Amino acid sequence: MNLSKTAFWDVDLARLDHERQSRFILEKVFNHGTWDDFLEVMRYYGFERARREIVQAAYLKKKTLSFCCLLFDLNPEDFTCYTERQLSHPHWDY
């Protein structure tokens, strides 16, 4: 895979295992990658695997979650990051 340093500024790309760390790679690209990075991971992993992995991501930005819902025809409740976020309460009750 040919990915830019935009999403992986803090990671040594040469040390990434594309198969074993697929969820990590997809999460980084979906949240912080360029459009070319997105196209690259979709080509590499395919639609179904990307869908299967991204719903289990620990964190997705709100915009990214909305994009994924549209792209994969899912509801926010289908994502682990959404259901976990709903369980955590804010520190302050305003």
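Please bear in mind that the model is predicted.

Let me begin with helix α2, which spans residues 35-45. Its buried residues are D37, F38, E40, V41, M42 and Y45. What covers them? The cover includes α1 (22-32), α3 (47-54) and α4 (62-72). After α2 comes G46, and its phi is positive, near 85 degrees.

I turn now to the aromatic rings. The structure contains seven aromatic pairs. One of them joins F30 and F72: the ring centres are 6.4 Å apart and the planes stand at 25 degrees, so this pair is stacked. The cut-off matters here, because planes must be under 30 degrees apart to count as stacked. Since F30 belongs to helix α1 and F72 to helix α4, the pair ties together parts that are 42 residues apart in sequence. Are these two residues buried or exposed? F30 counts as buried at 10% relative accessibility, and F72 is buried as well, with a relative accessible area of 2%.

F72 also pairs with F47. Their ring centres are 5.0 Å apart and their planes lie at 55 degrees, so this pair is tilted. Here too, distant parts of the chain are linked, with F47 in helix α3 and F72 in helix α4, 25 residues apart. F47 is partly exposed, at a relative accessible area of 37%. Taking the ring pairs together, they link F30, W35, F38, F47, F67 and F72 into a cluster.

The last topic is charge. Side chains of opposite charge can pair when their charged atoms come close.

In one, the side chains of R20 and D17 meet at 4.0 Å, N to O. R20 is exposed, with a relative accessible area of 74%, whereas D17 is partly exposed, at 30%.

Another is formed by R49 and E19, whose closest N and O atoms are 2.8 Å apart. This pair links distant parts of the chain: R49 sits in helix α3 and E19 in the segment before α1, 30 residues apart. E19 is partly exposed, with a relative accessible area of 42%.

The remaining example returns us to helix α2. E40 forms a salt bridge with R43, with the closest N and O atoms 3.4 Å apart. Both residues lie in α2, three residues apart, about one turn of the helix. An α-helix has 3.6 residues a turn, so residues three or four places apart point the same way. E40 is among the buried residues of α2, while R43 is exposed, with a relative accessible area of 60%.

Definitions and conventions: Residues are numbered from 1 along each chain as its sequence is written. This is a predicted model: local features need pLDDT of at least 70, side-chain atom pairs count only at pLDDT 80 or more; totals for chains, interfaces and linings use all residues. Side-chain values use heavy atoms; hydrogens and water are left out. Buried means under 20% relative accessible area, exposed over 50%, partly exposed in between (1.4 Å probe, protein chains only). Helices (H or I, at least four residues) and strands (E, at least two) are DSSP runs, numbered from the N terminus. Contact means heavy atoms within 4.5 Å. Rings of Phe, Tyr and Trp (its six-membered ring) pair if their centres lie within 6.5 Å; planes under 30 degrees apart count as stacked, over 60 as edge-to-face and the rest as tilted.
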